[in-house]
Amino acid sequence: MWAGRFSKQVDEAVNAFNSSITFYERMYRHDIQGSIAHATMLGDCGIISKEGSIEFIGGLKEILEEGILCLKKYRLNQL
């Protein structure tokens with residue numbers, strides 16, 4: 001993937017990270033949806049304020065949308 005761009009060998013940590021991206025592409029939606037459910041429960045149970053729960057969920061939904069865009073951009077760069 002990096003051949004010709006750098007003179008040094010690619011660090012193994014970089015290779016490990018790059019190889020895990022396809023796993024995270026499959027998992028990130030589920031992970032964020034679980035966090036949304038958890039934030040909803042925390043607000044419903046009064047562990048955090050309802051307003052805090054709504055704000056947290058809004059942020060998670062933004063991350064979810066940005067994640068989709070970032071993954072699409074990453075895929076385009078791989079072509």
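Biologist: In which helix does Met27 lie?

Modeller: This is a predicted model, in which local features need pLDDT of at least 70, side-chain atom pairs count only at pLDDT 80 or more, and totals for chains, interfaces and linings use all residues. Residues are numbered from 1 along each chain as its sequence is written, and side-chain values use heavy atoms, with hydrogens and water left out. Helices are DSSP runs of H or I with at least four residues, numbered from the N terminus. The run of residues 12-44 holds Met27 and is helix 1.

Biologist: Is Met27 buried or exposed, or in between?

Modeller: Buried means under 20% relative accessible area and exposed over 50%, with partly exposed in between (1.4 Å probe, protein chains only). Met27 has a relative accessible area of 37%, so the residue is partly exposed.

Biologist: Which residue forms a salt bridge with Asp44?

Modeller: Side chains of opposite charge can pair when their charged atoms come close. A salt bridge requires a side-chain nitrogen of Lys or Arg within 4 Å of a carboxyl oxygen of Asp or Glu. The structure holds one such bridge. With the closest N and O atoms 2.4 Å apart, the partner of Asp44 is Lys50.

Biologist: What is the relative accessible area of Ser53?

Modeller: Ser53 belongs to helix 2, residues 50-78. Beyond its neighbours within four places in sequence, Ser53 is in contact (heavy atoms within 4.5 Å) with Ala39, Thr40, Gly43 and Ile48. Ser53 counts as buried, its relative accessible area being 4%.

Terms used: Helix = DSSP H or I, 4+ residues; strand = E, 2+ residues; numbered from the N terminus.
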